[in-house]
Amino acid sequence: MNKKLRIEFVTDDWSTQIMDANGHEEIGGAGWIRMDMIRIALSKLGHETSIGRGVITFDGSLRCLNRETAKVNDERPDVMFVQRLMGKEILHAIKIAHMNGIKIIQDIDDAHFNIPADNSAFWGSHPKTNPDANRNIYNDILAISDHLVVSTPFLLQEYSKRTRRPTTLIRNSLDMSMWPKPDFEAIHTRTPLTVGWVGATPWRIRDLKLLAGILGPWALRNGASVHHSGSIMGGQQFNDLVQLPDGVPYTQSPMCIIKEYPAMFEPLQVSLVPLTISQFNNAKSYLKGGLESVASGLPYIASPTDEYQYLYDEYGIGRLATKPKEWLRHLDALRDPQVRIAEAEFQWGVMQDYGNVDRSALAYEAMIEEVMAQEKMV
């Protein structure tokens with residue numbers, strides 16, 4: 001793209017529990033992977049970018065409250081990326097933004113129409129509990145936006161059909177500068193063997209229960225330790241959800257800021273990614289296993305949702321398990337440190353191509369160029 005653009009990123013994905021070094025609310029995982037990381041990559045290509053919460057200006061237009069300046073930028077953007085804004089006021093604010101010549105691209109990384117009832121986001125976006133900001137209004141917001149960008153083929157199919165808006169698939173990636181090359185030998189020769197999970201339990205209760213009766217007895221038999229990174233005070237705990245028996249060495253570490261996130265994988269030697277097979281999880285990317293675990297030098301075992309199956313078929317990445325005996329077979333195989341090292345080195349090498357944010361940034365540029373050429377919405 002020859003023309004350098006002004007691009008604003010607006011997301012509602014900010015932590016209420018974690019603060020960054022400046023005392024600001026820390027950006028959430030989806031906000032980082034799908035918005036801020038992409039913003040930084042596009043700024044390196046010469047575009048003028050900013051990120052923050054959405055605000056409505058005096059003329060009624062949706063804009064970005066710049067996180068760095070705590071102000072709205074003086075000059076209007078050419079393009080705005082918007083993530084998870086579901087308030088009814090956004091409908092009119094987007095129309096005014098269009099009248100001001102701003103293109104609106106909606107980023108979608110979840111099947112918001114099919115959230116499981118035990119996921120904390122279910123009631124958080126339900127029309128009955130949130131009449132002024134909910135997933136029904138969100139669908140109307142998407143339908144009046146210029147373009148959608150999604151992270152998986154399932155979302156591409158569903159949202160292009162539901163909104164009838166042009167939609168682009170750009171899979172998730174990682175900023176490799178945050179993930180230095182692992183010391184595979186050092187990681188996998190530590191003892192005892194430690195397996196576990198990285199994430200926050202309120203959004204994964206049903207998934208984690210898949211490991212109940214599998215992980216604990218296996219760890220007891222093999223003298224393995226279990227670790228959970230991402231615990232939340234007052235929330236349901238990983239060891240309870242997977243029914244970890246007494247006698248299994250168990251440790252946990254709390255949620256952290258994004259810059260420290262790669263360290264969450266350091267206690268592990270095998271990463272577990274249990275996912276119930278459902279439309280909601282088929283909408284999910286392979287981020288936890290195929291990107292973050294691999295970047296950390298870890299082999300992983302995942303449920304065969306669409307994207308984990310794709311990664312396995314296309315690149316030979318990961319181990320897939322549905323039945324308890326499959327989980328146990330893979331866990332047994334990964335007891336061998338040489339097996340783990342060989343697998344981790346191979347996967348890390350392959351990921352440098354498919355998982356690099358610099359490659360994604362070029363795809364975003366191409367999409368933006370397409371959006372700029374689209375007919376005006378008003």
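Student: How do strand β1 and β4 pair, and over how many bridges?
Tutor: Strand β1 (residues 6-11) pairs with β4 in the parallel sense, and five bridges hold the pairing. Two strands count as paired if DSSP finds at least two bridges between them. Helices (H or I, at least four residues) and strands (E, at least two) are DSSP runs, numbered from the N terminus. In this pairing, Glu8 stands opposite Ser50 in β4.

Student: What kind of model is this, and how are the residues numbered?
Tutor: This is a predicted model, in which local features need pLDDT of at least 70 and side-chain atom pairs count only at pLDDT 80 or more, while totals for chains, interfaces and linings use all residues. Residues are numbered from 1 along each chain as its sequence is written, and side-chain values use heavy atoms, with hydrogens and water left out.

Student: Back to β4, then. In which sense does β4 pair with β5?
Tutor: That pairing is antiparallel and has five bridges. Gly54 stands opposite Cys64 in β5. The hairpin of β4 and β5 has five residues between the strands, and Gly60 takes a positive phi near 90° there.

Student: Which sheet do these strands belong to?
Tutor: They belong to an open sheet of seven strands with mixed pairing, in the order β5-β4-β1-β6-β7-β8-β9. The edge strands β5 and β9 (167-169) each have a single partner strand, so one side of each is left without a neighbour in the sheet. On average, neighbouring strands of this sheet are turned by 35° against each other, direction ignored.

Student: Which strands does α1 touch on that sheet?
Tutor: Helix α1 packs on the sheet and touches β1, β4, β6, β7 and β8, and its direction makes about 165° with that of β1. Contact means heavy atoms within 4.5 Å. Axes are lines fitted to C-alpha atoms, for helices over the stretch in contact, and angles run from 0 to 180 degrees between N-to-C directions. Helix α15 (residues 357-373) lies across β1, β6, β7, β8 and β9, running at about 140° to β7.

Student: New topic: what is the strand order in the six-strand sheet?
Tutor: The order is β12-β11-β10-β13-β14-β15, in an open sheet with parallel pairing. At its edges stand β12 (250-254) and β15 (319-320), each with a single partner strand, so one side of each lacks a neighbour in the sheet. Strand β11 (residues 225-231) runs parallel to β12, joined by five bridges, and His227 stands opposite Thr251 in β12.

Student: And where does α11 lie?
Tutor: Helix α11 lies across β10 (194-198), β13 (270-273) and β14 (300-302), running at about 175° to β14. Helix α11 (residues 287-295) also packs with helix α14 (residues 337-354) at an angle of about 120°, with their axes 9 Å apart.

Student: Which residues meet in α11 and α14?
Tutor: Gly290, Leu291, Val294 and Ala295 in α11 meet Gln347, Trp348, Met351 and Tyr354 in α14. This contact has six nonpolar, two polar and no charged residues. Here Ala, Val, Leu, Ile, Met, Phe, Trp, Tyr, Cys and Pro count as nonpolar, Asp, Glu, Lys and Arg as charged, and the others, Gly among them, as polar.

Student: One more thing: is the peptide bond from Thr191 to Pro192 cis or trans?
Tutor: That bond is cis, with omega near -5°, and Pro192 lies in the loop between α6 (184-188) and β10. Most peptide bonds are trans, and most residues other than glycine have a negative phi. Ala70 has a positive phi of about 60° although it is not a glycine. Ala70 is found in the loop between β5 (62-66) and β6 (79-83).
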